[in-house]
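Please look over the sequence and the model before reading on, and keep both in view while the paragraphs below lead you from one place to the next.

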Amino acid sequence: MRADPATVAADIFEANRARGAVHFDVRLQDGVTRRHHLYESGSLRVRFPSPEDDGLSAMFVNTAGGVAGGDRFAIEVAAGEGSRVTLSSAAAEKVYRASGKPAELAISLKAAANAHISWLPQETILFDRARIHRRIDIDLADTASLLLCEIVVFGRTAMGERMREGEFVDRWRLRRGGKLVFAETVRLDGNIGEKLAQPAIAKGAAAIGTALIVPGDAALVERIRESLPAFRGEAGLSAWNGFAMARFCAQDAASLRADMMAVLGCASTGPLPRLWLN
């Protein structure tokens with residue numbers, strides 16, 4: 001019996017989707033953070049360049065060259081007691097047009113007592129009609145700390161591109177001491193370009209960003225506010241539940257990146273990854 005053409009096409013599409021996973025943990029040994037267990041699969045890899053400070057640096061590389069509909073990637077990182085790890089990416093991640101299933105990205109970060117994780121990837125660029133679902137789960141011990149930033153760009157404005165339609169679902173959950181202290185889900189779908197143009201959403205901005213700082217308080221927010229007059233885009237700051245957050249909107253990725261670096265400079269106890277300075 002001849003197979004259904006639609007079923008055959010779906011099977012071929014599924015077989016050609018990229019899959020990738022990186023799981024690793026770090027531990028403090030003789031006062032130095034060192035890699036312990038490491039697992040890699042598919043098109044996702046991690047490399048460990050020379051650290052900028054006394055912690056360990058890790059850089060993710062997607063050898064698939066981007067993210068397409070139906071691709072699935074997973075990252076899990078655990079920082080042991082007293083360790084420090086800075087996580088970044090080799091380049092901006094590009095999410096291409098999807099005609100079927102959305103791409104899926106799952107990120108899990110865990111930090112034990114007195115450990116620190118800096119999650120500082122370069123920006124995610126969404127092309128027109130891109131579809132992606134991302135989930136970020138963070139589990140911190142009471143005395144652990146976190147510096148996390150994410151930048152999303154809706155089309156490369158320098159190339160005259162705009163994201164008009166697509167789907168972007170971003171789910172964040174932060175637990176501290178086993179308690180859920182922050183939960184948020186952002187969903188943009190359908191005519192994203194039209195929605196971003198609305199004053200109450202992004203006022204025509206093509207790039208948005210979030211920085212999450214733990215621990216964070218009103219004093220930290222006030223220090224960051226001193227830099228606001230020099231910002232190239234718009235930013236909002238707040239602190240509650242023992243952490244601080246900065247939100248960004250800008251007309252292009254370069255402007256938002258500059259504003260994000262100013263905030264990270266105030267919040268970070270160490271240097272930014274070298275790739276951020278290029």
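In which loop does Asn191 lie? This residue of the predicted model sits in the loop between strand E14, which covers residues 179-190, and helix H2, which covers residues 192-196. The side chain of Asn191 reaches the backbone nitrogen of Glu194 at a distance of 3.0 Å. If its neighbours within four places in sequence are left aside, Asn191 is in contact with Arg164 and Glu165. Asn191 counts as partly exposed because its relative accessibility is 33%, and partly exposed is the class between the buried limit of under 20% and the exposed limit of over 50%. From Asn191 to Tyr39 there are 152 residues in sequence and, from C-alpha to C-alpha, 39 Å in space.

The chain has 4 helices and 17 strands. Its radius of gyration is 19 Å, close to the 19 Å that the globule rule gives for 278 residues, and therefore the chain is as compact as a globular protein of that length. Taken along the principal axes, the box filled by the C-alpha atoms is roughly 65 × 45 × 35 Å. Of the contacts in the chain with a separation of 6 or more, 71% are made by residues 24 or more positions apart, and 44% of the 278 residues count as buried. The accessible surface comes to about 13300 Å², and carbon and sulfur atoms account for 51% of that surface. As for charge, the chain has 35 positive and 33 negative charges, whose mean positions are 3 Å apart.

With His116, the contact includes a polar one between the two side chains, at 2.7 Å. Ser145 has a relative accessibility of 17%, so it counts as buried, the limit for that class being under 20%. Although Ser145 and Pro215 are 70 residues apart along the chain, their C-alpha atoms are separated by 6.0 Å.

Another loop to visit is the one between helix H1 (5-15) and strand E1 (19-29), where Arg17 lies. Leaving aside neighbours within four places in sequence, Arg17 is in contact with Ala68, Gly69, Gly70 and Asp71. Here a polar atom of the Arg17 side chain lies 3.2 Å from the backbone oxygen of Gly69.

Two further loop residues can be read side by side, starting with the backbone. Asp30, in the loop between E1 and strand E2 (32-42), has phi near 55°, a positive value in a residue other than glycine. Asn241, in the loop between strand E16 (234-240) and strand E17 (243-250), likewise has phi near 55°. Are these residues buried, partly exposed or exposed? Asp30 counts as exposed because its relative accessibility is 84%, whereas Asn241, with a relative accessible area of 47%, is partly exposed.

Conventions:
Residues are numbered from 1 along each chain as its sequence is written. This is a predicted model: local features need pLDDT of at least 70, side-chain atom pairs count only at pLDDT 80 or more; totals for chains, interfaces and linings use all residues. Side-chain values use heavy atoms; hydrogens and water are left out. Helices (H or I, at least four residues) and strands (E, at least two) are DSSP runs, numbered from the N terminus. A polar contact is a pair of N or O atoms within 3.5 Å; within protein, one must be able to donate a hydrogen and the other to accept it, and residues adjacent in sequence count only if both atoms are side-chain atoms. Contact means heavy atoms within 4.5 Å. The radius of gyration is taken over C-alpha atoms; the globule rule is 2.2 Å times the number of residues to the power 0.38. Buried means under 20% relative accessible area, exposed over 50%, partly exposed in between (1.4 Å probe, protein chains only). Accessible areas come from the Shrake-Rupley method with a 1.4 Å probe; for residues, only the protein chains shown count as cover. Lys and Arg count as positive and Asp and Glu as negative; His and the chain ends are not counted. The place of a charge is taken as NZ of Lys, CZ of Arg, CG of Asp or CD of Glu.
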